[in-house]
Amino acid sequence: MTFDPGHAEDVALPSACVLVQELFPHATGAARERLVRRVTEVLMTTLLAFCEFQPPGAVPAPSHN
């Protein structure tokens, strides 16, 4: 899997907006924009780390023992 920054931002930005809306409902204006930008950066870093450090083979399904 390769990391595509454009696609990652397309995925991260709406998620960040929802998280900020739910966690900080009273944030408005510039404060809200800063929060969304920061959460987007964190989500994109997480996606990048997943793409770079994913296991070499397929991830096994969890066992239901």
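Where is glycine 57 found? Glycine 57 sits in the segment after α2. The views below come from a predicted model.

**View 1. Helix α1, residues 5–23, and its buried residues.** Helix α1 has 19 residues. At 1.5 Å a residue they should span 27 Å, and the end C-alpha atoms are 25 Å apart, so the two values agree. Ala8, Ala12, Ala16 and Val20 are the buried residues of α1. These buried residues pack against α2. An α-helix has 3.6 residues a turn, so residues three or four places apart point the same way.

**View 2. Helix α2, residues 29–52, and what covers it.** The 24 residues of α2 should span 34 Å at 1.5 Å a residue. The end C-alpha atoms of α2 are 35 Å apart, which agrees. Buried in α2 are Val36, Thr40, Met44 and Cys51. The cover over these buried residues includes α1.

**View 3. The crossing of α1 and α2.** The two axes come within 8 Å. They cross at roughly 130 degrees. That angle makes α1 oblique to α2. The crossing is right-handed.

**View 4. The contact between α1 and α2, residue by residue.** From α1, the residues that meet α2 are Pro5, Ala8, Glu9, Ala12, Leu13, Ser15, Ala16, Cys17, Leu19, Val20 and Gln21. From α2, their partners are Arg32, Leu35, Val36, Val39, Thr40, Leu43, Met44 and Leu47. Among the α1 residues listed, Ala8, Ala12, Ala16 and Val20 are buried. On the α2 side, Val36, Thr40 and Met44 are among the buried residues.

**View 5. Valine 20, a buried residue of α1.** Valine 20 lies in helix α1. Its relative accessibility is 1%, so valine 20 counts as buried. Leaving out residues up to four places away in sequence, valine 20 touches Pro25, Arg32, Leu35, Val36 and Val39. Of these, Arg32, Leu35, Val36 and Val39 are in α2. Valine 20 and proline 56 are 36 residues apart in sequence. Their C-alpha atoms are 34 Å apart in space.

**View 6. Threonine 40, a buried residue of α2.** Threonine 40 is found in helix α2. At 6% relative accessibility, threonine 40 counts as buried, because the cut-off for buried is under 20%. The threonine 40 side chain reaches the backbone oxygen of valine 36 at 2.7 Å. Valine 36 is also among the buried residues of α2. Beyond four places in sequence, threonine 40 touches Ala12, Leu13 and Ala16.

**View 7. Glycine 57, in the segment after α2.** Is glycine 57 buried or partly exposed? Its relative accessibility is 44%, so glycine 57 counts as partly exposed. Glycine 57 and histidine 26 are 31 residues apart along the chain. Their C-alpha atoms are separated by 44 Å.

Methods:
Residues are numbered from 1 along each chain as its sequence is written. This is a predicted model: local features need pLDDT of at least 70, side-chain atom pairs count only at pLDDT 80 or more; totals for chains, interfaces and linings use all residues. Side-chain values use heavy atoms; hydrogens and water are left out. Helices (H or I, at least four residues) and strands (E, at least two) are DSSP runs, numbered from the N terminus. Buried means under 20% relative accessible area, exposed over 50%, partly exposed in between (1.4 Å probe, protein chains only). A polar contact is a pair of N or O atoms within 3.5 Å; within protein, one must be able to donate a hydrogen and the other to accept it, and residues adjacent in sequence count only if both atoms are side-chain atoms. Contact means heavy atoms within 4.5 Å. The expected span of a helix is 1.5 Å times one less than its number of residues. Axes are lines fitted to C-alpha atoms, for helices over the stretch in contact, and angles run from 0 to 180 degrees between N-to-C directions. Angles under 35 degrees count as roughly parallel, over 145 as roughly antiparallel, 65 to 115 as roughly perpendicular and the rest as oblique. A crossing is left-handed if the near helix is turned anticlockwise from the far one by less than a right angle, and right-handed if clockwise.
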